[in-house]
Amino acid sequence: MTDKNNIIDRFISYVKIDTQSDESSNSTPSTEKQWDLAKKLTEELREMGMQEVSIDENAYVMATLPSNVDFDVPVIGFVAHFDTTPDFSGTNVNPQIVEDYDGKDIVLNKEKNIILSPDYFEDLLEYKGQTLITTDGTTLLGADDKAGITEIMEAMQYFIAHPEVKHGKIRVCFTPDEEIGRGAHKFDVKKFGAEWAYTMDGSQVGELEYENFNAAGVVVTVTGKSVHPGYAKGKMINSMYIAQDFINSLPRLETPEHTEGREGFFHLNGIKGDVEETKLNYIIRDHDRQHFEARKEVMKKLGAEICKQYDRDCVTVEIKDQYFNMKEKVEPVMHIVDIAEEAMERVDITPLIKPIRGGTDGAQLSFMGLPCPNIFAGGHNFHGKYEYVPVESMQKAVEVIVKIAEITAEKFRK
Ligand SMILES: [Zn+2]
């Protein structure tokens, strides 16, 4: 349907532009260089014949593909992010193309002996005979999420070239700073004007996600009393021991290393302390909203109990909600998931529906009034030098986008 070489060329032209985001920056986009790709995409959307092409002061790029039917169809949207993670270099990305992959080791970098091997990354074997795009072993690839952008662009191009394919109005948006958790922050949902949307930001073919964690960050501050250790009897209060009590009172098996699927956890991800004061940093994660609230309660109560035990105000527990499970917002409009599922089935993909053990921009957007499940973009091993993407997976994603639009129009035909 879509030409493989066009996909490859487009994708490579995007990954060659360094768009690494930076969490230490307060501006939007967090790095100036993200403008380079944002502007290029704006140009390309205009050249392609998209309407209402805009780029705002925060580098959010939006565009419209007008409806080509004479009945009302809900406006739907497709969203992808153009930044890459701060965790790994995205400078001078030099993509390698492996045609007709034979299922063996791929030497990414001979000099440095960096090898992409199916012994370690078994998923590779699913792509035997396909065309893979890999890194040269020195940078990430940026399929997260330039594969998503490529797919949305190719789908729009396809619609423009094939007016016989019927669809309602489609909006697209490309955002900065997803990787630092801010992709949705300055997203103008009203201006976007879609009834629902999909982020093209998942991994392997078939992924379809509309459940993610509820998430909170917790800072536990324990205060002690520092006294000269030689004369401390009956006087010193060592905050580190109290902190230890706190840690040991939480269920040891409800931690990331002991949980999977829909099991939630308390995660201690930092301790800093001395006699006088100890700070514990936790995150709480749970798909179930009630369990999530209960976990917050457990921590608060534990703090209060320890205060009672020591007969002093020695523990404070500060909890900040970070994001919520989009399921709450998607379930009332479940047809948006059904449509994506049906689209996949129609192009011979088995949908893989599973809860995300993390968050997505779609979760934030869902709570901002734009229900937004996540669909595969095709890449694997995000955020590092072993990142790769099969071109056939990107082709499949383009087909899914097209089918979603077609099915939406079909469903609302009078
Ligand atoms: Zn991503």
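**Close-up 1. Asparagine 113 sits in the loop between β5 (106–109) and β6 (114–116).** The model shown here is predicted: local features need pLDDT of at least 70, side-chain atom pairs count only at pLDDT 80 or more, and totals for chains, interfaces and linings use all residues. Residues are numbered from 1 along each chain as its sequence is written. Helices (H or I, at least four residues) and strands (E, at least two) are DSSP runs, numbered from the N terminus. Asparagine 113 has a phi near 55°, a positive value in a residue other than glycine. With 9 C-beta neighbours inside 10 Å, asparagine 113 counts as exposed. For burial, C-beta atoms are placed from the backbone, and a residue is buried if 20 or more other C-beta atoms lie within 10 Å of its own, exposed if 12 or fewer, and partly exposed in between.

**Close-up 2. Aspartate 311 lies in the loop between α6 (289–310) and β14 (315–323).** Here too is a residue that is not a glycine but has a positive phi, about 55°. Aspartate 311 counts as exposed, with 7 C-beta neighbours inside 10 Å. For context, most residues other than glycine have a negative phi, and most peptide bonds are trans.

**Close-up 3. The peptide bond from threonine 28 to proline 29 is cis.** Its omega is near -5°, and proline 29 belongs to the loop between α1 and α2 (34–48). Another cis peptide bond runs from aspartate 144 to aspartate 145, with omega near 10°. Aspartate 145 is found in helix α3 (residues 143–161).

**Close-up 4. Eight strands make an open sheet with mixed pairing.** Follow the order β1-β2-β8-β3-β9-β16-β10-β15. Two strands pair if DSSP finds at least two bridges between them. At the edges stand β1 (51–55) and β15 (352–353), each with a single partner strand, so one side of each is left without a neighbour in the sheet. Strands β1 and β2 (residues 61–65) run antiparallel and are joined by 3 bridges; serine 54 has methionine 62 of β2 as its bridge partner. Helix α8 (residues 335–346) packs on this sheet, where it touches β9 (196–202), β10 (207–209) and β16 (374–376), and its direction makes about 175° with that of β10. Helix α10 also packs on the sheet, touching β3 (76–81), β8 (170–175), β9 and β16, at about 160° to the direction of β3. Axes are lines fitted to C-alpha atoms, for helices over the stretch in contact, and angles run from 0 to 180 degrees between N-to-C directions. Contact between two residues requires their C-beta atoms, placed from the backbone, to lie within 7 Å.

**Close-up 5. Valine 79 is a buried residue of strand β3.** It is buried because 32 other C-beta atoms lie within 10 Å. Leaving aside neighbours within four places in sequence, valine 79 is in contact with Cys173, Thr175, Ala197, Thr199 and Cys372.

**Close-up 6. The largest nonpolar core holds 85 residues.** A nonpolar core is a set of buried Ala, Val, Leu, Ile, Met, Phe, Trp, Tyr and Cys residues joined through C-beta atoms within 7 Å. Ile152, Ala197, Ala340 and Ile401 touch the most other members. Helix α10 (residues 391–411) provides the largest share of this core, 10 residues. Not counting residues up to four places away in sequence, isoleucine 152 touches Phe78, Ala80, Val172, Met200 and Ile401. A second, separate core has 18 residues, including Phe265, Phe292, Cys314 and Val315.

**Close-up 7. Helices α1 (residues 4–15) and α10 pack at an angle of about 100°.** Their axes are 10 Å apart. That makes α1 roughly perpendicular to α10, a term for angles of 65 to 115 degrees; those under 35 count as roughly parallel, those over 145 as roughly antiparallel and the rest as oblique. Lys4, Ile7, Ile8 and Phe11 of α1 meet Val391, Met394 and Gln395 of α10.

**Close-up 8. Four strands form an open, antiparallel sheet in the order β12-β13-β11-β14.** Edge strands β12 (265–273) and β14 each have a single partner, so one side of each is left without a neighbour in the sheet. On average, neighbouring strands here are turned by 20° against each other, direction ignored. Between β12 and β13 (residues 277–286) there are 8 bridges, and leucine 268 has tyrosine 282 as its bridge partner in β13. Helix α5 (residues 239–249) packs on the sheet, touching β11 (214–223), β12, β13 and β14, with its direction at about 15° to that of β13. Helix α6 lies across β11, β12, β13 and β14, running at about 165° to β14.
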